[in-house]
Amino acid sequence: MNNRVLKIKTCKILQYAVLRLAVICVCVCGALQSLAQLEILCKQLYETTDTSTRLQAEKALVEFTNSPDCLSRCQLLLERGSSSYSQLLAATCLSKLVSRTSNPLPLEQRIDIRNYVLNYLATRPKLATFVTQALIQLYARITKLGWFDCQKEDYVFRNVIVDVTRFLQDSVEHCIIGVTILSQLTNEINQADTTHPLTKHRKIASSFRDSSLFDIFTLSCNLLKQASGKNLNLNDEGQHGLLMQLLKLAHNCLNFDFIGTSTDESSDDLCTVQIPTSWRSAFLDSSTLQLFFDLYHSIPPSLSPLVLSCLVQIASVRRSLFNNAERAKFLSHLVDGVKRILENPQSLSDPNNYHEFCRLLARLKSNYQLGELVKVENYPEVIRLIANFTVTSLQHWEFAPNSVHYLLSLWQRLAASVPYVKATEPHMLETFTPEVTKAYITSRLESVHIILRDGLEDPLDDAGLVQQQLDQLSTIGRCEYEKTCALLVQLFDQSAQSYQELLQSTNSSTMDAAIQEGRLTWLVYIIGAVIGGRVSFASTDEQDAMDGELVCRVLQLMNLTDSRLAQAGNEKLELAMLSFFEQFRKIYIGDQVQKSSKLYRRLSEVLGLNDETMVLSVLIGKIITNLKYWGQCEPITSKTLQLLNDLSIGYPSHDSLVRKLVKLSAVQFMLNNHTSEHFSFLGVNNQSNLSDMRCRTTFYTALGRLLMVDLGEDEDQFEQFMLPLTAAFEGVAQMFSTNTFNEQEAKRTLVGLVRDLRGIAFAFNAKTSFMMLFDWIYPPYIPVLQRAIELWYHVPACTTPVLKLMAELVHNRSQRLQFDVSSPNGILLFRETSKMITTYGTQSYYSLLEVLTQDHMNFIASLEPHVVLYILSSISEGLTALDTMVCTGCCSSLDHIVTYLFKQLSRSTKKRAQPMAQESDRFLHIMQQHPEMIQQMLSTVLNIIIFEDCRNQWSMSRPLLGLILLNEKYFADLRNSIVNSQPPEKQQAMHLCFENLMEGIERNLLTKNRDRFTQNLSVFRREVNDSMKNSTYGVNSNDMMS
């Protein structure tokens, strides 16, 4: 008996084991099949050139990432995946899983992933580079986000050096992985991400800095010392890669954001590395600095830029890390290293090395004072070498042009420090700075011929770069200014004489003239820069006289070029002139400038310009000339008007600058003739963009300021000034009063007008003048602006200038809106402004709704219920709007919503319906919970069609069919209500009208069915209207609505 029971139990156990094995086999087969499908998708994502295939693969992989079993399937991909792309997918998905803020992974799971990744990298050192990088990124992300996680009072993610040690004790490939882990981790912790709070990032970064970063930096330096002590074969890919990763690690450590300042790279030359005090030992030990200089000389150019990047950071350590003696010693070692590089410049032929070395030179002065530099033992030799290097670099202007900024930055700071240096040792800048200035000027002039001959890119086209270099040269050139001025006079006279001879010659070539114009363009820019570099307390009468020599030459050149503008002109030369005038205005024109300057004496002797008024007359003449001949050239027009605007700024006291300006006949000409006839840029040009009119605001701001000088309460003078704008406004109003007008012309005229008015409104900051403007614009012309907003609400180029004008009118600038107690102007201004904002907001809102419902109904359906209900209620309100455009837009939006709803309902009632998307299901649920919304709109549309003067019947018909099909019972009740409200003798006819309305209409929203319904509706409306005209009862539409 016992044997029999035993046999039965054994048999059942075997059956269970076989069954379980079968289940496992099925699961494994399913998993392997799923794995194969994932690998195919990965291949399609990363390799296919077919866009649709790639998009389908991407969609499928996004679903995989969001699936509940993503974690286990990622492990399967890593273990059994045959392609690198599947391994990359797994690493990327795991990074997303550990990074998510909602529903984060448990601590134990993250520890397991961390350990698994380390083991995976240790056992597979020869993975594809991008896979290794992705896995290291995963390790770094887990470590950063778990930095403060504890398990049994142990910070489980902080033993990073221990984690990496086993890699560093193995093969070269393992060493590379270990160093890359530390490098990537340092970089990851240094960078804030948008998914986690900045405070948490700084807390992690600070803890990492205090607990691990110095140890990592020390490790990198030790490894670099070991590497430099061996005869590395850098032709070997592995050893080359290891050294590169070590240098990257050292650089990442030095580039760490130690105090959370998030330094902007654009301010590179101002950077100070805030090394913690605990790191002092590493920088007091000269071997650290020497290590990097030795590495630079011993490794190939492919790696040396990284070494120089490290040296740039080391040279930038904060001054307070050292006492004076320590800083002097450190600076001495640094300068010795720079000297050694300059004495052996072969590697600097590499552009990357050259660029980083220029950055290193710039840091010498940004972090150390000239008084400290001159005390360095080898200073005279070093400054000579730096000067020779700079001169050579400037002469080879086509080589690494972006690096010149750092060299000029060094010399600018050196030159600016000369007045303040107290050391007894000679700085020798009086010898070398003129050489740098001469090299820059002559190299720019010599480049003109080569650029024109070879069709190269002209540096003058990059206005930002040129202005940056000129700002630096303005300081450099003022050092030993006599030499700078003498050189400029000599070069200018040569080019000007050659240019004049070419113009007078009958057989001169166009190329020769272009070369001289290019040279003169550079010289005018440079003259403007060095004049702008004048510092009042450091300038002498002799230097002012030198400025006079330069100014005279530029003005003489201007007279020559202006005399030829009717035949030809040079845009770049004109822009250089405007740059010169802007610098000249800042230094020598204005209420705070000393008029007894020797510059004016020289202008009087050479050009007969005896005082500031005559100089102003020349400037205004140039402004008018530019506006006359260059009105269609936006850069010149814009800069010319900016010059006029700058001149118009100031308080109009007795003998002030603006009062002198107003007395000039040329300024009075502008105030009385500001029309397109005299200033072409004010014209309505169909070839220009609406945005090109922005300069008109600047023009009228300047004119407004000049007009206010003597305006007072003279309304006649104001009316006279406003005549051109009055005529333009009347023209636009006339256009709007007709049904057909040239829309483009109307837009351009209106945009120009409101830009003009905004300039005037900005300038009229006094109460009296502002009230004149307000009484002029209100009430006659505000309705024109309202109409423009109604018509072109969807055209930002039109609405933005109008709204900016209104914003200026309501700006209480200088308390100008303090109306009298009995004045209604404040209320009127508020009313008109709020009306315009409401009009613009309403039009834009319904336009947005139309687009969203047409193309993004899934998005609408995914919104919160109260938002969906608000949208529907606003559409319901819009259906009854007096504005036909709003009403038509609401009909279109409603049609899209009803169509979407009908399709989703039809899909849900099919026998083999596919499961609906979550947002669609939610939308249906909202509609079922609030059927009154759709019913209300059905009543509204039907009410408008039957009882009102419906101007957009076609638009109303499109959503009506869908509303009826969605609410057939409610429509039947509505129909009976309308029929019963008729006199007994009319009820049969009304019933027949409704029958005919639905005749031949199928239960779908296909285009053919819709068109038939629209035709039926036209007949229905006509018959109903005829029936109701003869009715004595009449019908109250509101009764039907209830």
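Q: At roughly what angle do the axes of α23 and α25 cross?
A: This is a predicted model, in which local features need pLDDT of at least 70, side-chain atom pairs count only at pLDDT 80 or more, and totals for chains, interfaces and linings use all residues. Residues are numbered from 1 along each chain as its sequence is written, and side-chain values use heavy atoms, with hydrogens and water left out. Helices here are DSSP runs of H or I with at least four residues, and strands are runs of E with at least two, numbered from the N terminus. Helix α23 covers residues 541-563 and helix α25 residues 598-607; their axes (lines fitted to C-alpha atoms over the stretch in contact, with angles from 0 to 180 degrees between N-to-C directions) come within 7 Å and cross at roughly 40 degrees.

Q: Which word describes how α23 and α25 lie to each other?
A: Angles under 35 degrees count as roughly parallel, over 145 as roughly antiparallel, 65 to 115 as roughly perpendicular, and the rest as oblique. The axes cross at roughly 40 degrees. The two helices, α23 and α25, are therefore oblique.

Q: Is the crossing of α23 and α25 left-handed or right-handed?
A: A crossing is left-handed if the near helix is turned anticlockwise from the far one by less than a right angle, and right-handed if clockwise. For α23 and α25 the crossing is right-handed.

Q: Which residues of α25 make the contact with α23?
A: Contact means heavy atoms within 4.5 Å. From α23 the contact takes in D541, D544, A545, D547, G548, E549, V551, C552, L555 and Q556. On the side of α25 it is made by K598, L599, R602, L603, V606 and L607.

Q: How many charged residues does the contact of α23 with α25 have?
A: Ala, Val, Leu, Ile, Met, Phe, Trp, Tyr, Cys and Pro count as nonpolar, Asp, Glu, Lys and Arg as charged, and the others, Gly among them, as polar. By these classes the contact of α23 with α25 has eight nonpolar and two polar residues, and the number of charged ones is six.

Q: Which residues does S495 touch, not counting those up to four places away in sequence?
A: S495 sits in helix α21, residues 481-504. With a relative accessible area of 1%, S495 is buried (under 20%; exposed is over 50%, partly exposed in between, with a 1.4 Å probe and protein chains only). Its contacts beyond that sequence range are Q516, R519, L520 and L523.

Q: Is Q583 buried or exposed?
A: Q583 belongs to helix α24, residues 571-588. The relative accessible area of Q583 is 15%, so Q583 is buried.

Q: What is the relative accessible area of E153?
A: E153 is in the loop between α6 and α7. Although not a glycine, E153 has a positive phi of about 60 degrees. E153 is exposed, with a relative accessible area of 80%.

Q: What is omega for the cis peptide bond of Y778 and P779?
A: P779 is found in the loop between α33 and α34. The bond joining Y778 and P779 is cis, and omega is about 10 degrees.
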